[in-house]
4 protein chains.
Amino acid sequence: MARPRPPADLRRKPQQDRSRAMVERIISAGQAVLLRDGYEKASTNRVALEAGISPGSLYQYFPDKESILTAVIDRYSDELSARLTGVLSGHLDLPGPELVRATLDGLLDALSENVEFLRLVGEQLPRSQFKDKAEAMEQRIGDLVSTYLMVQRPPARVQEPPTSAWILVRLVEHLTVQYVLESPAIPRDRFVEELTRLIVAYVDPGA
Amino acid sequence: MARPRPPADLRRKPQQDRSRAMVERIISAGQAVLLRDGYEKASTNRVALEAGISPGSLYQYFPDKESILTAVIDRYSDELSARLTGVLSGHLDLPGPELVRATLDGLLDALSENVEFLRLVGEQLPRSQFKDKAEAMEQRIGDLVSTYLMVQRPPARVQEPPTSAWILVRLVEHLTVQYVLESPAIPRDRFVEELTRLIVAYVDPGA
Amino acid sequence: MARPRPPADLRRKPQQDRSRAMVERIISAGQAVLLRDGYEKASTNRVALEAGISPGSLYQYFPDKESILTAVIDRYSDELSARLTGVLSGHLDLPGPELVRATLDGLLDALSENVEFLRLVGEQLPRSQFKDKAEAMEQRIGDLVSTYLMVQRPPARVQEPPTSAWILVRLVEHLTVQYVLESPAIPRDRFVEELTRLIVAYVDPGA
Amino acid sequence: MARPRPPADLRRKPQQDRSRAMVERIISAGQAVLLRDGYEKASTNRVALEAGISPGSLYQYFPDKESILTAVIDRYSDELSARLTGVLSGHLDLPGPELVRATLDGLLDALSENVEFLRLVGEQLPRSQFKDKAEAMEQRIGDLVSTYLMVQRPPARVQEPPTSAWILVRLVEHLTVQYVLESPAIPRDRFVEELTRLIVAYVDPGA
DNA sequence: AATGAATGAGTGTTCATTCAT
DNA sequence: GATGAATGAACACTCATTCAT
């Protein structure tokens, strides 16, 4: 009747769990400090204080300060990615303009989810802090868009899909982010409509 | 026998001149340090050393460190503005697509003039350091574009010129800057052509 | 029917053995770390890592960091002692100069056995770390030399054997160690010869 | 009647003086801390506190901690050198044994001047902290001794003056230092006498 | 106006030691 | 016994700013 022991890697779970929990706690503390005090004031001591641990304990989980801040940004950007992946995959079968509109809507939703942090990343952090992450994401999405432009029927009327993709990815990213951060006096549906028109006119000028 | 005193504002001129010269010297030193050592290493002591004055003297001309860096950025952005104004004013009489093309060309030339500094601003500085300046410029140019969209004959086929202007300004700014900074594998004339197509298709879909 | 208990000191043996084995393991780890990373970098964490145990476990066997390092040095110096004892006991019947020469040879051999560690002790460690051990050894050997000077026939022509012994012990120790560490441009047999001459002339000026 | 201005380099003296005075103050503080708290406890903060200045001010005069400690040692060793130079130059015309005796006397006097610091250097500091200084001095004095052995009439009966000098320098240095530090139960004149005999018997065995 | 020495709170990081498990 | 996460005081060093000269 003895319960069989779980395999070793499962038995070690609680330890890993505690460790992972602490990592999460530190990342959350880092995020809180960044949001509350700003990038320049975000010191390891403040992060430790916020996390309720001692400065030395940070270094059980992260090799240095930069890695903590990177982890904060990575977590945010992973959340954003996850949200976007969900959004996109649901609409890939829509006709062009609808797909664009739905994507923009989902993107604006995702970006609006945590405007404070988006503002932090967009305004307080030097881009070099998250350049790699950003460029990797732009590359990945650019490839998707490029592929999409080639496979759709009828194909988009663009000469070089990669070039158009390069442009589209950056333009959509920047304009949506700026729309959320600047909150200009443009109603959201108007904005989505204009951006959709811009994109559709570009990739399918005949329509 | 007393020589008549010159009016106050004239008497203070030489003083102002010397002061202005020193301000310029400090700004140049600040720029040199930023370019040479990067944002994180740009300390007031280094700026003073580079300017050939003592650290204390900085504070005769600037209230604090941030104001020095702001002045450096302002000067750069003023230079950029001046160059752009010249570029634009020369082509305002061209038909739409030519105007766009010429503007983009001029913009790319201006941005390429000092890529190092552009990279510094675009990658190392937190945007908050130059947010006001950037938004002021975007506002100013946005108004110009908005006006242009309304006055040209036949008028652009956009529903709300301010909205289109908001979009166009940010899109052109961001894409040209990123093109210069990322140097993607897209030939420059191809890039200008695509961007021109994008813009023309947007503001003049019938064409 | 109870098996008779073995006497206490026997029962604790295995325990002591395990304990002693662990002590040895820690000392070896300490030595390895000292040699690999140097005195300044030799932290308890590194020693524990090298020994394959946890930092906390060190304190089951040693009261603090210093005692670990002391033990490392003690073990080295005990090894050295053992080697020397062997060397000396084999030559005590030789006539004066031969005895000196043979002793110096043995000493140089022993010191050359582990030059790296000798250098560590001689150059990186503050002498206070091993002062007691060194002085105890000097005292012990000094007594031997002092006795030797008195009992040999004819007796050495020194006025106060303890004084001469004090001098001889320190001079031989220091010069041989420095010879090994500095590797001056003096051939070894030349060095041994000179040192022998120095000593013999001192204790037996008539010869 | 106007006094002529002194040349620029003189006018700047007071500044240099103040600077030099501060350097001296820091070195003295460093020495005091080393003597009071020991090498391991000698932190920059303690030195600053002892000097009555702020931690940051140390770095106006020294590039890092090590350079402060090095300066402390250098000052001590320079004082020692100066004292020795005086001692030696007064006796170079004495006949061999008298010269040796006078030199040893002067050396013991010099070393006794600041026993506390000698103990610090000899027992608490890792030799690597002052290895360069020590070896330079040994080289310099060794050359002197080597020359002396060759030029005296009748010449010393040594085969290779440099080898003998190497031995003599280290032996005298070590034994005198150890005599002062250990204070063995050997009266000073007895010690000087023995050492003199040792040396004379070595370099002039016939006498 | 100009200096530049002085400041001192602050930084990121280390590590001998403890103690709940 | 053994663990290893947690500690927290301490470290060397920086730098924007001040102020007596």
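Predicted model: local features only at pLDDT ≥ 70, side-chain atom pairs only at ≥ 80, totals over all residues.
Visitor: What kind of axis relates chain A to chain B?

Guide: Chain A can be laid on chain B with an RMSD of 0.5 Å, by a turn of 178 degrees and a shift of 0.1 Å along the axis. That is the relation of a two-fold axis.

Visitor: Which residue of chain A comes closest to the rotation axis?

Guide: The distance here is taken at the C-alpha, and for the residue in question it is 2.1 Å. Of the residues of chain A, the one that comes closest to the rotation axis is Pro126(A).

Visitor: How much area is buried between domain 1 and domain 2 of chain A?

Guide: The domain assignment places domain 1 of chain A at 9-62 and domain 2 at 73-203, and their C-alpha centres lie 31 Å apart. In contact are 8 residues of domain 1 and 9 residues of domain 2. Carbon and sulfur atoms give 58% of the area buried between these two domains, which is about 800 Å².

Visitor: Which residues form the salt bridge between the two domains of chain A, and how far apart are their closest N and O atoms?

Guide: Across the interface of domain 1 and domain 2 of chain A, the rule finds 1 salt bridge. Glu24(A) lies within domain 1 (9-62) and Arg75(A) within domain 2 (73-203), and these two residues form a salt bridge with each other. The closest N and O atoms of Glu24(A) and Arg75(A) are apart by 2.6 Å.

Conventions
Residues numbered from 1 in each chain as written. Chains lettered and ligands numbered in written order. Heavy atoms only, no water. Least-squares fit on C-alpha atoms with pLDDT ≥ 70 in both. Domains from an automatic or database assignment. Contact = heavy atoms within 4.5 Å. Buried area = accessible area lost by both parts, 1.4 Å probe. Salt bridge = Lys/Arg side-chain N within 4 Å of Asp/Glu carboxyl O.
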